[in-house]
Structures are given as structure tokens and as C-alpha cells.
Amino acid sequence: MENDRAASITMEQIEALCELAEEKARKFILSRIPPKKVDALSLSVEIEGIKPLSVNMELELRLSPTVGEVDAETLAKKALNEASIAIESKLRDLKLNLEI
């Protein structure tokens, strides 16, 4: 029998996971591109469901033309991956046993 805690997640925890994902993606991008070279950076995170937990993230990234050889799409995908890893890690820390 599963622990009741494994099947529930609070709104506060969902909000914290969304904030964590945003923070990780933003830090990842800004660790590779100077902030003044980022023309637009917008991240949307939606988390819903119980088990499995559905996490949808969209990242819009526009870089200054002066950045050069950096591919914004590849950078955005890597940032989303970092955000996803952070969410999975936090869920393990919370011992919620929720699948993504």
C-alpha cells in the first residue's frame, strides 16, 4: 500500500517547484550569456495532476545579434533540461514519489 503522502502535493509545493524551475533555467542561460546580450527571456511552467505529475515548460529566448555563434534554441533546450532535473530532484527530496 502506498503512503498517502506519495499521492498528494500541495499548491505551495507546486508553486515552489515552478519557482525552482524558473530559477534554474534563468541561471543556466545567464551563466552562458551576459544579461545584456539576452533580448527576451520568458519561462512558463505548468504543473498539474497527481500521479503521474504533468510538468509542461516553455521557454522563449531571444538573443542579441551580437552574441555570435550561440544557438538560442539549443541553449533553451538545455536550460529546460536543467529545470526538469531540478524539479525531479526536489520531488525526491520531498519524498513525494510522484512520477513525471
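This is a predicted model: local features need pLDDT of at least 70, side-chain atom pairs count only at pLDDT 80 or more; totals for chains, interfaces and linings use all residues.

**Reading cavity, core and helix**

Q: How many cavities of 30 Å³ or more are counted, and which residues line the largest cavity?

A: Rolling a probe the size of a water molecule over the atoms shows where empty space is left. A cavity is a set of points on a 1 Å grid over the protein atoms alone where a 1.4 Å probe fits but cannot get out, and lining residues have an atom within 4 Å of a point. Points are joined across faces, edges and corners, and the volume is the space filled by probe spheres set on them. Here one cavity of 30 Å³ or more is counted, and the largest holds about 30 Å³. Its lining consists of Glu22, Ala25, Arg26, Ile29, Leu41, Leu43 and Leu59. Helix 1 gives the largest share, four residues. By class, five lining residues are nonpolar, none is polar and two are charged.

Q: Which residues have the most contacts inside the largest nonpolar core?

A: A nonpolar core joins buried Ala, Val, Leu, Ile, Met, Phe, Trp, Tyr and Cys residues through side-chain atoms within 4.5 Å; buried means under 20% relative accessible area, exposed over 50%, and partly exposed in between (1.4 Å probe, protein chains only). The largest core has 27 residues, and those with the most contacts inside it are Ile29, Val38, Ile47, Leu59, Leu61, Leu63 and Ile87. Helix 1, strand 1, strand 2 (54-63) and helix 2 (72-94) each supply at least two residues of this core. Contact means heavy atoms within 4.5 Å. Beyond its neighbours within four places in sequence, Ile29 touches Val38, Leu41, Leu59, Leu61, Leu75 and Ala79.

Q: Which residues of helix 2 are buried, and what covers them?

A: An α-helix has 3.6 residues a turn, so residues three or four places apart point the same way. In helix 2, the buried residues are Ala72, Leu75, Ala76, Ala79, Ala83, Ala86, Ile87, Leu91 and Leu94. Their cover includes helix 1, strand 1 and strand 2. Just after helix 2, Lys95 has a positive phi of about 55 degrees.

Q: Is Ile14 buried or exposed, and where does Gly49 lie?

A: Ile14 belongs to helix 1 and is buried, because its relative accessible area is 11%. Leaving aside neighbours within four places, Ile14 is in contact with Ile9 and Ile47. Gly49 lies in the loop between strand 1 and strand 2; at 44% relative accessibility, Gly49 counts as partly exposed.

Q: What pattern does the chain follow?

A: Read along the sequence, the pattern is α-β-β-α, with two helices and two strands. Of the 100 residues in the chain, 36% are buried.

Note on methods: Residues are numbered from 1 along each chain as its sequence is written. Side-chain values use heavy atoms; hydrogens and water are left out. On a 1 Å grid over the protein atoms alone, a cavity is a set of points where a 1.4 Å probe fits but cannot get out, and a pocket is an open set with protein on both sides within 12 Å along at least five of seven lines; lining residues have an atom within 4 Å of a point. Ala, Val, Leu, Ile, Met, Phe, Trp, Tyr, Cys and Pro count as nonpolar, Asp, Glu, Lys and Arg as charged, and the others, Gly among them, as polar.
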